[in-house]
Amino acid sequence: SITITAPAANSYLPTSFTVQGACEMGLVVVVGGAGLAADVSVPCSGGAYSANVNVSAGEGSKLVTAKQTDAVGNTATASRTFLRDTVAPLLTITSPANGTSARGTIQLVGTCESGLTVSFSGPGLSTASSVTCSAGSYTANLTFSANDGAKTINVSETDAAGNTTQVSGTYNNDMTPPTIAITSPAANTSA
């Protein structure tokens with residue numbers, strides 16, 4: 001009999017990975033299937049095999065099969081489905097516009113991949129924070145770091161396959177009231 005023991009079923013695959021399993025000693029193991037760019041043949045040594053393979057083009061489910069055939073034509077097969085995702089999540093900041101001034105706090109709104117965590121960080125924030133993307137959008141009320149001036153905020157999202165998207169915005173923290181002075185008439189002047 002033959003098995004596939006690694007990687008775990010439904011795990012996300014890099015372009016190249018190693019398929020491992022148990023096998024019948026003395027027989028060649030052919031690792032292939034629609035999920036791979038090409039079949040790879042490796043020996044079964046000590047009841048185990050290890051094959052370095054490349055995933056086929058495209059995204060989605062990838063079926064991988066390990067197969068052994070004995071001298072009289074009996075075939076044992078094991079299959080496992082893996083996932084391929086190389087596309088980073090779509091992430092934007094839709095408001096406020098870059099360069100917007102705010103007083104101490106700012107509300108960021110944007111689009112994101114539903115169900116994933118949207119993280120906020122950068123020197124422009126007093127503390128990092130996060131929200132969950134719901135229905136393709138996020139809203140976050142954020143507090144600027146101390147002092148007036150330009151504040152850069154990084155927004156990022158990472159999917160289950162490890163693909164990350166980061167966008168940034170720079171906003172102006174303005175906590176200082178305007179300076180106003182009465183210059184005329186002079187103080188204590190009679191009208």
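Asn154 lies in strand S12 (residues 149-158); helices (H or I, at least four residues) and strands (E, at least two) are DSSP runs, numbered from the N terminus. Asn154 is buried, at a relative accessible area of 16%, where buried means under 20% relative accessible area, exposed over 50% and partly exposed in between (1.4 Å probe, protein chains only). This is a predicted model, in which local features need pLDDT of at least 70 and side-chain atom pairs count only at pLDDT 80 or more, while totals for chains, interfaces and linings use all residues. Residues are numbered from 1 along each chain as its sequence is written, and side-chain values use heavy atoms, with hydrogens and water left out.

The side chain of Asn154 meets that of Ser168 in a polar contact of 2.6 Å. Such a contact is a pair of N or O atoms within 3.5 Å; within protein, one must be able to donate a hydrogen and the other to accept it, and residues adjacent in sequence count only if both atoms are side-chain atoms. With neighbours within four places in sequence set aside, Asn154 is in contact (heavy atoms within 4.5 Å) with Ser119, Phe120, Ser121, Gly122, Gln166, Val167 and Ser168.

## The five-strand sheet

Strand S12 belongs to an open sheet of 5 strands, ordered S7-S13-S12-S9-S10 with mixed pairing; two strands pair if DSSP finds at least two bridges between them. Its edges are strand S7 (101-102) and strand S10 (129-132), each of which pairs on one side only. Strand S9 (residues 117-121) runs antiparallel to S10, with 4 bridges between them, and Ser119 sits opposite Ser130 in S10.

## Strand S8 and its partner

Now take a look at strand S8 (residues 105-111), where the side chains alternate. S8 pairs with strand S11 (residues 137-143) in the antiparallel sense over 7 bridges, and here Leu108 is opposite Ala140 in S11.

Strand S2 (residues 28-32) and S3 run antiparallel and are joined by 4 bridges; Val30 has Ser41 in S3 as its bridge partner.

The loop between S2 and S3 holds Asp39, which is exposed with a relative accessible area of 53%. Leaving out neighbours within four places in sequence, Asp39 is in contact with Val30, Val31, Gly32 and Gly33. Asp39 and Thr100 are 61 residues apart in sequence and 56 Å apart in space, C-alpha to C-alpha.

## Two nonpolar cores

A nonpolar core is a set of buried Ala, Val, Leu, Ile, Met, Phe, Trp, Tyr and Cys residues joined through side-chain atoms within 4.5 Å. The largest has 19 residues, of which Phe17, Val19, Val29, Val31 and Tyr49 touch the most other members. At least two residues of this core come from each of strand S1 (16-22), S2, strand S4 (48-54), strand S5 (60-69) and S6, and S4 gives the most, with 3 residues.

A second, separate core of 16 residues includes Ile106, Cys112, Tyr138 and Val155.
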